[in-house]
Structure formats: structure tokens, C-alpha cells
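Trainee: I am new to this structure. Could we go through it in short questions and answers?

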Amino acid sequence: MKYCESIYSLIRRKTRQVMVGNIGVGGNNPVRIQSMTTSNTRDVEATVNQIIKLADQGCEIVRVTVQGIKEADACEGIKNELIKKGFTIPIVADIHFFPPAAMRVVDFVDKVRINPGNFVDKRASFKILEYNDDTYAKELEKIEEKFTPLVEKCKKLKRAMRIGTNHGSLSDRIMNRYGDTPQGMVESALEFARVCRKHDYHDFMFSMKSSNPQVMIQAYRLLVAKMIQLGWDYPLHLGVTEAGQGEDGRIKSAMGIGALLLDGLGDTIRVSLTEDAWNEIDPCKRLVAFAKSHEGNGTAPFIEKHRNIEVIKRRSVTLPKNISLHRDGSVFLEIKRSNTTPDIIYKQIGCDTQFGKPKLKVSSADCLVGHENNPIFKELKNIGISIFTKSPIELDDIALITLKEATERHLKKDKFSIKPTPNTSFALIVNDEPSESWKIIKDVKPSIIILAPQKNRLHYCRQFFDWLQNEDILAPVILKFSYQCSKEDLIIQAAAEFGSLFCDGLGDGIWIDAPYELDFLRTLSFNILQAARMRSSKTDFISCPSCGRTLFDLQDVSKRIRERTAHLPGVKIAIMGCIVNGPGEMADAHFGYVGSKPGMIDLYVGKECVEKDISFADADDRLVELIKKHGRWADVETEASQ
């Protein structure tokens with residue numbers, strides 16, 4: 001199924017141009033950067049000040065929340081004040097549940113964003129409802145009746161529109177026919193797009209947002225595949241919703257947005273963070289620059305037979321019994337210097353110490369690469385950490401052998417130099433060798449493969465994984481990518497490159513080679529695996545970026561809840577600022593903390609509200625009690641199972 005211009009090189013998908021105010025999106029324009037205000041939209045002065053600060057940081061399009069008529073009317077004052085101050089940055093009105101607000105605000109703004117899951121439909125009940133073809137058709141007629149006036153007005157005033165699907169706010173109608181799936185997200189948007197096209201209105205674009213980068217990537221790809229089939233060329237706005245804050249938020253966003261940009265998809269982006277809005281601009285710039293630097297790069301053409309964007313499956317592998325690989329993704333660290341004390345190294349690789357000896361934790365590295373015989377390696381092997389080296393000394397050391405070395409030895413029939421004893425394991429390092437040289441892998445049968453291309457990584461790795469599957473080679477593959485960049489760029493680039501493969505089910509471990517401390521590289525590695533929904537090493541937080549609807553200080557509350565609950569691997573907690581989208585958009589969270597009214601919080605288990613109108617002062621404690629009640633609490637960190 002074709003979904004991009006090329007699977008073996010980065011070629012941007014050509015779309016029609018849609019003008020948002022004075023800014024062109026799509027066409028030959030660069031990828032545009034967006035953000036959203038967090039102020040109360042009725043507060044014209046505060047909102048104007050935020051927009052100006054965003055514009056000064058490099059934001060090109062700004063969205064404001066418009067939940068009612070008062071907010072819609074305030075947009076006239078916001079636009080006028082900006083013009084008086086010399087700012088022409090386009091303004092987008094964000095609409096949920098209330099079409100009259102859209103009809104009013106379109107007079108004042110440059111673009112309207114509607115959510116097809118709730119523009120006409122009421123809030124999803126998540127109940128099983130039966131729709132036959134007739135009742136489904138009548139629902140579509142209702143959409144056309146209520147949506148057409150906005151389409152006609154946008155066309156008359158030459159206003160742009162975004163049909164913005166959210167994974168967590170699909171309608172009951174869509175979920176009962178398509179499920180809570182990427183396919184359902186696509187169809188939700190197409191229902192509204194067909195109305196636009198029926199009225200010859202084409203100044204619109206799409207978005208397919210989810211808090212799960214893998215779902216988000218799949219939904220956008222399926223949408224583009226559908227557009228290719230239909231001959232449509234509308235632009236895309238990319239974003240991972242409710243990504244959170246700090247490194248986690250940047251990793252999730254870079255993974256979802258970056259994977260698509262590296263596919264040549266995307267015309268405007270937003271990195272949604274639970275932080276001040278202007279903090280979103282820097283990671284956006286880094287993402288755009290990273291993708292731009294790869295345009296035109298790639299490998300020789302190849303045909304892909306196994307990767308399927310409709311059904312994502314992890315590649316089948318056989319884990320060697322004598323190497324400590326984790327079934328959900330392994331973390332490799334390279335110890336380049338040993339002039340530090342054992343306690344420091346133990347801490348950097350994620351181990352506790354007890355009576356001077358290392359002890360595994362959930363976030364301990366699985367495998368270490370060393371270049372000399374370090375005395376601590378014996379202690380680490382005793383607790384289940386495997387040691388890799390180019391010059392094995394102990395029988396249980398795993399040899400690192402390059403593809404070139406293996407080929408030379410095999411041609412000399414020197415099999416024992418590859419495997420000193422029949423039980424010895426070795427790792428084969430594949431760099432940028434041409435595909436013709438891979439055939440030796442079938443003969444030498446490595447225990448694991450270290451895939452470490454220096455250039456055109458995404459496309460080279462895709463071709464390599466497809467070849468492995470063609471040849472039915474089941475050796476696990478550890479992705480090793482090297483970087484020479486700032487920490488800020490490393491977070492963005494590593495999340496995009498590793499994540500684009502992990503989210504396709506390709507790759508069984510991560511080895512980040514960069515000139516930074518081991519603890520930073522280890523934490524980044526685990527965070528990337530978790531964002532790709534592979535291996536959980538801590539609580540997964542889903543938190544919205546705040547907007548004018550928010551009923552409490554999201555940054556402060558998120559920080560408090562993280563401090564109390566961050567030690568619960570496998571648990572997902574959603575922290576949502578308001579009732580409008582909270583219950584739906586937290587999607588697959590186990591527990592939800594949602595603002596329901598000023599000073600009040602509702603608590604959820606899954607999508608079910610179990611406690612209502614809890615005092616804000618008591619809500620944190622009640623959330624912890626709820627987690628304990630459902631057996632998901634742990635007072636101390638449990639040991640990892642290898």
C-alpha cells in the first residue's frame with residue numbers, strides 16, 4: 001500500500017497549497033511551525049501577549065481555544081490588537097462540540113479547526129450501539145446538514161480549515177463500525193472532507209493525533225494512502241497529542257512527527273508540551289531542520305515485501321539463551337573509560353549497590369560493551385548483565401565481529417576464529433555494507449546482529465530487515481546509531497530515527513553512541529523504548545498541553561503527580577485539564593485525573609468516571625488510593641525480569 005513518495009529516500013509529498021492568512025501551508029512551502037495559547041481566550045490582553053511571545057520565538061501559526069460565543073467574540077479584539085502592534089501571524093480557532101462558535105469566530109480568524117469526533121456528535125459514551133446501513137446513512141446526513149453552513153462560510157470568506165481527528169475523541173458511530181483504531185480515525189476525517197468537496201471547498205488540511213506515537217504514525221500513513229487512492233492532495237498538520245513534558249514529551253513528539261517527516265509527510269507541525277507554549281518552538285525547529293537535512297538522501301531502490309502499514313507486527317526473533325536480552329527491547333551501553341569507581345559505574349548503568357555489589361533495577365542496562373578487561377564485569381555478569389567486547393577474555397564474553405571480518409574468516413574457512421567453541425555466542429556488526437554482502441549472515445549464523453549504519457539509516461535498516469525476513473533469519477537486531485550533536489538535538493534525532501523503526505516493529509534493542517554520560521544515554525534509551533510502546537520502565541504519563549479551557553495549573557499538578565507516582569512501570573496515568581476532551585483523549589490510560597469544574601477533579605479508571613467532584617486539595621491522595629485499590633501500586637521498585 002503506497003503511502004509516501006518513496007520508501008528508500010526522503011522525498012517530500014507534494015500537496016496543494018492552502019493559505020492560512022498570509023502563510024502558505026503545503027505546496028512548495030517549508031514545514032510550518034505552530035503552537036497554542038494557554039490563556040483564557042476572553043482575556044484579550046493576556047492572549048495577545050502570549051501570541052506575540054510565540055511569534056517572537058519563531059511560531060508561524062497560533063491556535064486559540066474557542067469554546068463559546070464569548071470566546072469567539074474575543075477573537076475579534078485579539079486580531080485587531082495584533083494588527084495594531086504590527087503582527088500578522090495567522091490565528092486558528094479551536095472548536096469542540098459547539099458549531100455556533102465556529103460560525104461566529106470564522107469572521108475574525110484565519111482558520112478554524114474542527115474535531116470530526118464531536119463537531120456534530122455528542123460526547124462519546126463508549127457504549128456498544130448498533131448501526132445498520134440506513135441508520136448510519138442518516139447520521140451522515142446529519143453531519144452534512146450541520147457542517148455545510150460552516151463549509152459555505154469558510155469558502156465565501158476564503159478561510160482555511162483543519163479537519164483534526166483525535167484518537168481519543170472518536171464518535172460512538174465510528175467506534176462501533178471501525179473500532180477505536182487508526183482506520184476509524186481516517187474515516188472520521190473523510191466523512192467531513194467529503195462534505196467539503198461536495199461544496200467545492202478545498203482550503204482544508206487534515207490531522208490524525210494520538211497520545212500513542214505508533215497509533216498516530218499509522219493513522220497518518222493510512223490517511224495518505226487513502227488520499228493517494230482518491231487522487232487527493234490536501235496538506236497534513238502533524239502532532240502527538242498529550243505528549244507530556246520534559247524529555248518524555250519531546251521524545252514522544254519527535255518519534256511521531258519525526259517518523260512521518262522522514263517519510264516525506266507533513267506540512268505543518270506542533271510539539272504539544274505540558275509547559276509554557278513558547279517552549280514548544282525550539283523542538284519544532286530542531287525537527288524541521290533534521291528532516292530538511294535528510295531530504296534527497298536514501299538508498300538504491302528496493303522492493304519492500306514485509307512491512308505492512310495496515311497491521312503492525314513485531315518481527316519474529318529467537319532470543320539466545322546465554323545473552324541477557326529483554327523480550328520487549330534491550331538497552332546497550334558502551335563503557336569507553338574505566339577510570340571511575342565501581343559504585344559510580346553501577347549507578348550510571350542503572351544498578352543499585354548492596355554491600356558494595358551491584359543489584360539490578362527495572363531500568364538497569366541489559367548489556368555492556370567494553371574495550372578492556374574491567375574487574376567489575378565479573379560482578380555484573382553475576383547479576384545477569386552480558387558483556388560484549390572485540391577481544392573476549394572470558395568464555396562468557398560475547399565477541400563483537402564486523403561483517404567484513406566475518407566474511408574474511410569465512411572465506412578462509414576459519415570458522416573457529418568466528419566461534420572459538422561451539423557454545424560461544426557472537427554479535428555481528430553490520431555497518432553500511434552493500435546488500436550483496438549480507439548473504440554471509442546465513443552461513444555464519446550470529447547470535448545477534450548489531451545494525452549500525454552511519455548514513456541513510458532509516459532506509460538502509462528497512463531494506464536490511466526486509467532481507468532478514470525474506471531469508472527467515474531470526475537473530476535479534478540491536479540498532480546502534482552514532483551522534484555528534486547537542487543533547488537537545490540528540491533527544492530529537494534519536495527519538496525520530498530509532499522510533500520510526502521501533503514503531504514499525506523493527507528492532508529488538510537500542511545502542512546510542514554519543515559523547516555523553518552513561519546515565520543520560522541509558523535514560524534516553526529506556527524512554528525511547530517506552531515511547532515506542534515496547535518496554536515499560538516507569539509510569540507513562542499522558543498530559544495535555546493546557547489551553548484556555550484548563551481548570552487548574554497543569555504544569556504544577558503534573559509535577560506533583562509525577563513525583564508521587566513515577567515509579568510504577570506499566571501504569572498509564574492521564575492528567576487532563578478539562579472535561580471537554582479529557583475522558584476521550586486520554587484514550588488507553590489506566591487512570592485519569594480530569595478537571596471537571598473550578599476546584600474540582602473527576603477520577604477515572606479507563607474511560608469510566610469512578611469518583612466525581614473531588615476537592616482539588618484531596619485529589620492527589622485520592623488518585624494514589626485509587627491506584628492502590630486496583631492493585632497497581634508498588635512502594636519500592638521491583639527487580640527487572642530478564
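Mentor: Asparagine 527 touches Glu247, Asp248, Ile251 and Lys538, leaving aside residues up to four places away in sequence; contact means heavy atoms within 4.5 Å. This is a predicted model, where local features need pLDDT of at least 70, side-chain atom pairs count only at pLDDT 80 or more, and totals for chains, interfaces and linings use all residues. Residues are numbered from 1 along each chain as its sequence is written, and side-chain values use heavy atoms, with hydrogens and water left out.

Trainee: Is asparagine 527 buried or exposed?

Mentor: Buried means under 20% relative accessible area, exposed over 50%, and partly exposed in between (1.4 Å probe, protein chains only). The relative accessible area of asparagine 527 is 7%, so this residue is buried.

Trainee: In which helix is the place of asparagine 527?

Mentor: Helices are DSSP runs of H or I with at least four residues, strands are runs of E with at least two, and both are numbered from the N terminus. The one holding asparagine 527 spans residues 518–531 and is α17.

Trainee: How many strands does the closed barrel have?

Mentor: The barrel runs β11-β14-β15-β16-β17-β18-β19-β20, with parallel pairing. The count of its strands is 8.

Key. Pairing = 2+ DSSP bridges.
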